[in-house]
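Subject: Structure for you to look over

Dear colleague,

I am handing over the structure we spoke about, with its sequence, and my notes follow below it. Please read them with the model open beside you.

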Amino acid sequence: EFQVESELGSISITREPSKTTYTVGETLSTAGMTVTAKYNNGKSKTVTGYQVNGSTSSAGRQQVKVSYTEGGITKSASFYIQVNRRQVKTATLTYDANGGTGAPGAQTAEVNSSIRLSSSRPVKSYTVYLNAGGGTVTPGKIQLKAQFAGWTTNRTASGGLYQPGAAMTLSSDTTLYAA
C-alpha cells in the first residue's frame, strides 16, 4: 500500500466578490470572494494567497483571472466584472445680451469645474427721440451706445459682475446677463 501525496488539481471561485460592477478607474476589490482548491485525493479547502489579475481601466465586460500556486503547481480560474463608463454631469452656461445683440454661444462644462467666460462683449444701443414740444429743436432721434460693464446672474444687474475671460465654477445650469 502506497501513501498518495496530495497534489493541487484545480481551483474554483466558490463565491464571487461582493462587488462585480465598477466605474472605469475604480479599484478592483476581492472582498467577499472565496477560492477553493481541489486536490487529486478528492479533498478540498478554502485558500488565500492567490493572485488576481484584472483591470477596470476600460468599459465593458472584463475577465478577472485568479491564480493560486501550491507545491510548484499553479492553477487558475476566472470570473467577470462589468465596468461602466464614468457618468459626467454637465452644466450649461448661457449668455443673454439683455436687450442687446452679439451674446456669445452657450458653453458646457463638467459640474463643479471651472469654465473660462467668453471674451465676446455684446452691443446694446438706445434710440432717443427728440420732440421739440413747442420749442425750437428740430424733432429727430439720436443713437446712444451702452457701455458693457460685465456679466451678472440676474437680468437687473443687481448682483456681482463677472468680466469677460474670467473663471467661473458651474454648479448647475446658469444664465449670465449683460450689464
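Lys19 counts as partly exposed, because its relative accessibility is 33%, and Glu26, with which Lys19 forms a salt bridge, is also classed as partly exposed, at 30% relative accessibility. The closest N and O atoms of this pair are 3.0 Å apart. Please keep in mind that the model is a predicted one, and that the count of salt bridges in it comes to 4.

Another of these bridges joins Glu70 to Lys45, with 3.9 Å between the closest N and O atoms. Since Glu70 belongs to strand β6 and Lys45 to strand β4 (residues 44-47), the pair ties together parts that lie 25 residues apart in sequence. Glu70 has a relative accessibility of 25% and therefore counts as partly exposed, and Lys45, with a relative accessible area of 41%, is partly exposed as well.

A further salt bridge runs between Glu110 and Arg86, where the closest N and O atoms are 3.5 Å apart. This pair links distant parts of the chain, for Glu110 sits in strand β9 while Arg86 is found in the loop between β7 and β8, 24 residues apart. Glu110 is partly exposed, at 34% relative accessibility, and Glu110 is also the bridge partner, in β9, of Thr90.

That brings me to the sheet around β9. Strand β8 (residues 90-96) pairs with β9 in the antiparallel sense over 4 bridges, and both strands belong to an open sheet of 4 strands, whose order is β9-β8-β15-β13 and whose pairing is mixed. Its edge strands are β9 (107-110) and β13 (151-152), each of which pairs on one side only.

Tyr68 deserves a look of its own: once its neighbours within four places in sequence are left aside, Tyr68 is in contact with Leu8, Ile11, Ala37, Val47, Thr48, Gly49, Tyr50, Ile73, Thr74 and Lys75.

Leu144, which lies in strand β12, counts as partly exposed because its relative accessibility is 43%.

Methods. Residues are numbered from 1 along each chain as its sequence is written. This is a predicted model: local features need pLDDT of at least 70, side-chain atom pairs count only at pLDDT 80 or more; totals for chains, interfaces and linings use all residues. Side-chain values use heavy atoms; hydrogens and water are left out. Helices (H or I, at least four residues) and strands (E, at least two) are DSSP runs, numbered from the N terminus. Buried means under 20% relative accessible area, exposed over 50%, partly exposed in between (1.4 Å probe, protein chains only). Contact means heavy atoms within 4.5 Å. Two strands pair if DSSP finds at least two bridges between them. A salt bridge is a side-chain nitrogen of Lys or Arg within 4 Å of a carboxyl oxygen of Asp or Glu.
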